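Colleague: Can you take me through the charged pairs in this one? Start with what you count as a pair.

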Amino acid sequence: MKKSLFILALLFSFFATNAQNGTNNQYKEQNEIKVDIIQPLLSGSVEAIYERNLNSKSSLGVSGLYLFTDKIDEDMNYSLTPYYRRYFGKKYAAGFFLEGFGTFSSIDGKKVYDTEKPLTYTENPDVYDLSLGIGLGSKWITKSGFIFEFNFGYGKQLFNADKTDHDQVIRYGIKLGYRF
């Protein structure tokens, strides 16, 4: 009888430990998908993000942005941005982070204004360019895997800045997502 109670207690302890580790492992899942909730409101674009956690302190990700309206005067048409993040929080791949990113983008060409009345301008063809930059932000994750994140970054265009009206890339956002 004592032997069977001991085995039963041992099995209960084993399953309880595994169940507890299963709930904590949600923090340690490797994949994340996120969408930016502020981009559609401010710039008429949509941004979707995939991030892969390498370990508790670093991750790699890629972000795709597409401008879907002409009503807002935004210079960037679309972009693809791979990035690397280094986390400084206590939780697995969460908390304050620094990131380095590169952006391949399609940007509106330089606008040439005609000063005669009526005031008109002509726009040169779209320009494709690569930018490098740095950013920072913070990420929070719930036990069920939901993510809230904000970030800000700044980069410089490398090759065709003289063919557009600006030579910088600004990354910003408030993102919601899920870790799985």
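Modeller: A salt bridge here is a side-chain nitrogen of Lys or Arg within 4 Å of a carboxyl oxygen of Asp or Glu. Keep in mind that the model is predicted.

Colleague: How many salt bridges does a search of the whole structure find?

Modeller: The search gives twelve.

Colleague: Take E47. Which side chain does E47 meet in a salt bridge?

Modeller: That of R171, at 3.8 Å from N to O. E47 sits in strand β2, residues 45-53, and R171 in strand β10, residues 168-179. The two are 124 residues apart, so this pair links distant parts of the chain.

Colleague: Is E47 buried or exposed?

Modeller: Buried means under 20% relative accessible area. E47 has 5%, so it counts as buried. R171 is buried too, at 8%.

Colleague: Moving on to E51. What does E51 pair with?

Modeller: One of its partners is R85, with 3.2 Å from N to O. E51 is in strand β2 and R85 in strand β4, residues 76-87, so the bridge ties together parts 34 residues apart in sequence. E51 has a relative accessible area of 0%, and R85 has 1%, so both are buried.

Colleague: And K139?

Modeller: The side chain of K139 also meets E51 in a salt bridge, at 3.2 Å from N to O. K139 lies in strand β8, residues 127-141, so with E51 in strand β2 the pair ties together parts 88 residues apart in sequence. K139 is buried, at 1% relative accessibility.

Colleague: Which residues do salt bridges that share partners join into one network?

Modeller: E32, K34, E47, E51, R85, E99, K139, E149, R171 and R179.

Definitions and conventions
Residues numbered from 1 in each chain as written. Predicted model: local features only at pLDDT ≥ 70, side-chain atom pairs only at ≥ 80, totals over all residues. Heavy atoms only, no water. Helix = DSSP H or I, 4+ residues; strand = E, 2+ residues; numbered from the N terminus. Buried < 20%, exposed > 50% of the residue type's maximum accessible area, 1.4 Å probe, protein only.
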